[in-house]
Protein chains: 2
Amino acid sequence: MVETLELGRAHGASSEVVRGINRRIVLNLIRTRQPISRADLARVSGLQRSTISLIVEQLIAENWVLEGPTGRLPRGRRPTFLRLNDERVIVGVDIRPIYTTVALANVNGQFSSQETLSTPSDPRAAIRSIIERVQRLIHSCGDRKVEGIGVSLPGRIGRDADRLVFAPNLKWPATDIRTPIARATGLEVELENAANACVLAAVWFGRMEGCRNLVVVTVSEGIGTGIFLNGRLARGLDGMAGEFGHVPLDPEGPVCGCGGRGCWEVFGSNRAALRYFLESGAGASGLNFPDLLSLADQGNAKAKAALERMAHYLGRGMRMIVAGLAPERIVVVGDLTRSWHRFGPVIESQVRAQALPGSSPPLVIPAHEDGMARLKGTIALVLQKDFGGNREIPA
Amino acid sequence: MVETLELGRAHGASSEVVRGINRRIVLNLIRTRQPISRADLARVSGLQRSTISLIVEQLIAENWVLEGPTGRLPRGRRPTFLRLNDERVIVGVDIRPIYTTVALANVNGQFSSQETLSTPSDPRAAIRSIIERVQRLIHSCGDRKVEGIGVSLPGRIGRDADRLVFAPNLKWPATDIRTPIARATGLEVELENAANACVLAAVWFGRMEGCRNLVVVTVSEGIGTGIFLNGRLARGLDGMAGEFGHVPLDPEGPVCGCGGRGCWEVFGSNRAALRYFLESGAGASGLNFPDLLSLADQGNAKAKAALERMAHYLGRGMRMIVAGLAPERIVVVGDLTRSWHRFGPVIESQVRAQALPGSSPPLVIPAHEDGMARLKGTIALVLQKDFGGNREIPA
DNA sequence: GACCATTTGTTCAATCACTGAAGTTTATAC
DNA sequence: GTATAAACTTCAGTGATTGAACAAATGGTC
C-alpha cells in the first residue's frame with residue numbers, strides 16, 4: 001500500500017473515529033447485502049455480535065435501517081432481517097445537451113418517478129425549469145424524507161463545487177447551478193461531471209465490488225472519461241481530471257469545441273461518425289446518431305464504414321487510458337453500446353495491442369443501461385455523504 | 001470526498017486503530033518538523049498533550065525517536081526536542097540500464113555512503129554484484145539497525161511484487177529480484193518502478209506537502225511516468241499504470257522497444273534526440289545525451305534543433321497527462337533538466353495550450369537533483385511500512 | 001533573593017468503543 | 001417435554017482519548 005498522511009491539518013483520531021468507521025461498514029454491508037441479519041453482519045464484518053447490535057440499534061434510531069421479516073433456518077432462533085429504509089429518497093437530475101431528466105429514487109437506487117424535458121439553451125431558463133420539476137417531485141413525496149439532490153452535468157465543476165466551468169458540448173457559460181437550486185428547495189445539492197457520475201453508478205450500484213481501478217468512457221456528442229483509481233474518484237486539480245477527450249490525436253486535425261485541434265473526441269464521438277458519413281457523400285444532414293446506427297444495421301455500407309472509423313479512433317484513444325492508468329475495466333457508456341457487435345471487436349483489438357508484455361488488457365464492458373447510469377450516479381453522489389468512507393479501509 | 005469502502009474483507013476497527021492512526025501522525029510530524037517538542041506536537045496534531053506524551057513514550061521505547069537537547073523560550077519550562085533516531089538506516093539500490101547505485105541512508109533520507117557499478121547485462125550477474133555491495137554496506141553499519149532494502153528499477157514489478165516483468169530499456173527477461181536479495185541479506189526488500197520511486201522521493205523528501213495530485217515524468221533512454229492522485233500512488237492493475245511512454249503518438253512511426261510503433265518515448269526520449277541529431281547528417285555515432293547537451297550549449301545548430309524537436313514531443317505527450325489527470329504539478333526528472341532553459345519554454349507552451357477553459361495548467365518543475373531522486377525514493381519505499389498511513393487521513 | 005506568571009510535561013479519573021464470555025430468547029427435532 | 005442450535009443481549013474488562021489538576025522548570029520583577 002502506497003499512501004501518505006495528510007499532515008497539515010492532521011487532526012488526530014479519537015474513539016468516535018472507530019465508531020464512524022464501523023458504522024459505515026455496517027451501513028454499507030446492509031446496503032449491499034440486504035436483507036441481512038445481525039449475526040451475518042457480525043460474521044462478514046469480523047465485528048462482535050454485541051458491537052453489531054449496538055451499531056444497528058443506532059442506525060434504526062436514526063431511521064436509516066428497518067427491521068424486516070424474520071428468516072427461516074434449519075434450527076435455532078430466527079434471524080431478524082435488516083434492510084435500508086427506502087422511505088428515504090433522493091432527487092437526481094441529469095442535464096444533457098438535448099434532454100434533461102429529473103427523477104426520484106430511494107437509497108437503494110430504485111427510481112419511482114422520472115420526467116424528461118428538453119434542455120433550454122439558456123442556463124437560467126434551464127435552472128428555472130429544473131427547480132419547478134424538482135419542487136413538484138418533492139411535494140409528491142409526502143412523508144418521505146428527501147436526502148438531497150444530485151446533479152450530473154456534461155462539463156466540469158469548478159473549485160467551489162457550485163459552478164459549471166467547462167462544458168463545450170452544452171455551450172453554457174460559467175454558471176452557478178448549485179446555489180439557486182439549493183435555495184429554492186432548501187436541500188443540499190451535489191454537482192458532478194457526467195462521466196464521474198457514471199463511475200459512481202458503476203461502483204455503487206453496478207456489481208463492481210472489489211474493482212478499485214476502472215475507467216468509464218462516455219461517448220455521445222463528445223467523449224468524457226471518469227477515472228477511478230485506488231478505489232477513489234480521481235478528480236484532479238479543480239476537478240478537471242478525465243478530459244482525455246480533448247487530447248489532440250492529430251495536432252493538425254479539425255477544430256474542436258474546446259478551441260483545440262484534432263482532439264480525440266473530434267475523431268471518436270457520435271458527432272465524428274456523422275461527419276464521416278456526410279463526408280463520404282451520403283447526404284442526409286438532419287441525421288442523428290441513432291439513425292446512423294439503424295442505417296448500418298440495415299446494411300448501409302457508408303454508415304458501416306463511418307461507424308467503423310469512429311470505433312477505430314475510440315480504440316486508439318483508449319490506448320492512452322490502458323497504457324497510462326492500467327485499469328482493470330473500461331466501461332463504455334453511450335448510444336453506441338446498442339451496436340456493440342460493431343464497436344466491441346474494433347476497440348478490443350486496439351486495447352489488446354496496447355497491452356504491454358507482462359500485463360493483461362482491461363475488460364472493455366458496454367454499459368447497456370445507459371440513460372440510467374448518469375441518474376444512478378447522481379443518487380450515489382448524495383449517498384456518499386452518509387455511506388461513503390471518510391476514511392479508507394485498507395485491503 | 002469521493003471514496004468507497006472496501007467491503008469484502010472489511011475488517012472492523014477497534015480501539016488499536018485509533019492508536020495506529022495517531023502514532024503515524026505523530027511519527028510523521030516528528031519526521032517533517034524535527035526538532036519538535038511534545039507541546040508543539042499537541043498543538044499541531046490537535047491531540048491532547050497527555051496523549052502525545054504516551055505515544056512519544058512508546059516511540060522512544062521502540063527506538064524510533066530520541067530526546068534531543070532542550071529548547072529556549074521567552075519564559076516557562078524548556079521544551080525537550082524530539083527527533084528521529086538516525087541510527088536506523090536503509091539500503092537503497094537504483095538499477096539503471098548503464099549504472100547501478102547502492103547507497104546507505106538514514107530514516108531522514110540523508111545518505112552516508114554510496115557506490116556505483118556498471119550494470120551487468122545478465123540479471124543474475126547483476127543481482128550477485130548488488131548482493132555483494134549490499135552485504136558490504138550492511139557490515140559497515142555496525143550497531144545501526146538496517147530497516148530494509150528499497151530497489152528502484154526501470155521497469156514494472158509483477159503482481160507478486162517480486163518479479164521484474166516489463167523493462168524494455170534494461171532488456172532483462174522476467175526475473176525474480178526480490179527473493180535472492182532478501183535471502184542473502186535477511187532483510188525485507190521492496191521493489192518499485194523508477195518513476196514511482198521519484199514520486200515517493202518528491203512526496204516524502206521534496207517539499208511537496210499538501211500536493212495530492214502530481215505526476216513525475218522521467219526522461220532518459222525511455223519515458224516513464226509516476227502518477228500520484230488523491231495523495232496516493234496510482235499503480236493500476238499489476239502495477240502497470242504510468243506507461244504513457246508507450247502510447248503511440250503516430251501509429252505509423254518508428255518501432256519501439258516495447259514492440260509497438262511510434263510510442264511517445266520514440267519521439268521524446270534522450271535516444272530520440274540522438275536519432276534526430278544523426279538523421280540531420282551530423283555524424284558522430286558514439287555520442288551520448290550529455291554530449292548532445294554540451295554540443296547545443298556550444299552553439300551547434302543541429303544539436304539545438306534535435307533537442308528542440310525532442311522538447312516539442314515531450315510537451316506533446318504531456319498533454320495527455322494534463323488533460324487526463326489534471327495534476328497540480330508535473331515534475332520532470334532526467335539529464336535534460338540540466339538544460340532546462342532549452343526544454344522548459346517549449347514544454348510549457350504545449351502544457352499551457354492544453355489547459356482547458358476554467359482550469360489552470362500544472363506547474364512544470366525540473367527536478368535538478370536527478371540521481372538522488374530515485375535513490376531517495378527507495379528509502380521512502382522502505383519507510384512507508386512504518387510511517388505510511390495504512391489509513392488515509394481525510395482533508 | 002523571594003515571588004509570580006508562564007510554559008512544558010505528567011498523572012489520573014471519566015468516557016467511549018470494542019471484546020468476549022455468559023446469559024436469554026426462540027426455533028426445530030426427537 | 002427435552003435437547004440442540006442459532007440469534008440476539010447483557011455486562012465486566014480492556015485500550016485509547018479527553019480534560020482537569022499537578023509538578024517541574026524558567027525568566028522577569030520587586
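A residue counts as near a molecule or strand if its C-beta atom, placed from the backbone, lies within 6 Å of it. The model described here is predicted.

**Surfaces near the DNA**

Around DNA strand C there are 29 residues, and those that come nearest are A:Arg77, B:Ser50, B:Ser53, B:Gly76 and B:Arg77. Four helices each supply at least two residues of this surface: α1 (15-33) and α3 (49-61) of chain A, and α2 (38-45) and α3 (49-61) of chain B. The largest share comes from α1(A), with five residues.

Around DNA strand D there are 30 residues, of which A:Ser37, A:Ser50, A:Gly76, A:Arg77 and B:Ser50 come nearest. Two or more residues of the surface near DNA strand D come from each of α2 (38-45) and α3 of chain A and α1 (15-33) and α3 of chain B. Here α1(B) gives the most, five residues.

Chain A is divided into domain 1 (16-84), domain 2 (88-200 + 374-387) and domain 3 (207-368). Between the C-alpha centres of domain 1 and domain 3 of chain A the distance is 42 Å.

Strands of a sheet pair through backbone hydrogen bonds, in either the parallel or the antiparallel sense. In chain A, five strands form an open sheet in the order β6-β5-β4-β7-β11, and the pairing is mixed. Which strands stand at the edges? They are β6 (111-118) and β11 (189-193) of chain A; each has a single partner strand, so one side of each is left without a neighbour in the sheet. From one strand to the next, the twist averages 15°.

Strand β5 (residues 99-106) of chain A pairs with β6(A) in the antiparallel sense, over seven bridges. In this pairing A:Gln114 of β6(A) is the bridge partner of A:Ala103.

Two helices of chain A are described next. Helix α5 (residues 178-185) of chain A packs on the sheet and touches β7 (145-153) and β11 of chain A; the direction of the helix makes about 150° with that of β11(A). Helix α12 (residues 371-387) of chain A also packs on the sheet, where it touches β4 (88-95), β5, β7 and β11 of chain A. The direction of α12(A) makes about 130° with that of β7(A).

**A unit in chain B**

In chain B, strand β15 (residues 329-334) and strand β16 (residues 363-366) pair in the parallel sense over four bridges. B:Val331 stands opposite B:Ile365 of β16(B). Together with helix α11 (residues 340-354) of chain B, β15(B) and β16(B) make a right-handed β-α-β unit.

**Backbone details**

A:Gln34 and A:Pro35 are joined by a cis peptide bond, with omega about -5°. A:Pro35 lies in the loop between α1 and β1 (36-37) of chain A. In chain B, a cis peptide bond joins B:Gln34 and B:Pro35, and omega is about -5°. The loop that holds B:Pro35 is between α1 and β1 (36-37) of chain B.

A:Asn63 has a phi near 70°, a positive value in a residue other than glycine. A:Asn63 is in the loop between α3 and β2 (65-70) of chain A.

Note on methods
Residues are numbered from 1 along each chain as its sequence is written. Chains are lettered from A and ligands numbered from 1 in the order in which they are written. This is a predicted model: local features need pLDDT of at least 70, side-chain atom pairs count only at pLDDT 80 or more; totals for chains, interfaces and linings use all residues. Two strands pair if DSSP finds at least two bridges between them. A crossover is right-handed if, with the strands pointing away from the viewer, the path from the first strand over the helix to the second runs clockwise. Domain bounds come from an automatic or database domain assignment. Axes are lines fitted to C-alpha atoms, for helices over the stretch in contact, and angles run from 0 to 180 degrees between N-to-C directions. Two residues are in contact if their C-beta atoms, placed from the backbone, lie within 7 Å.
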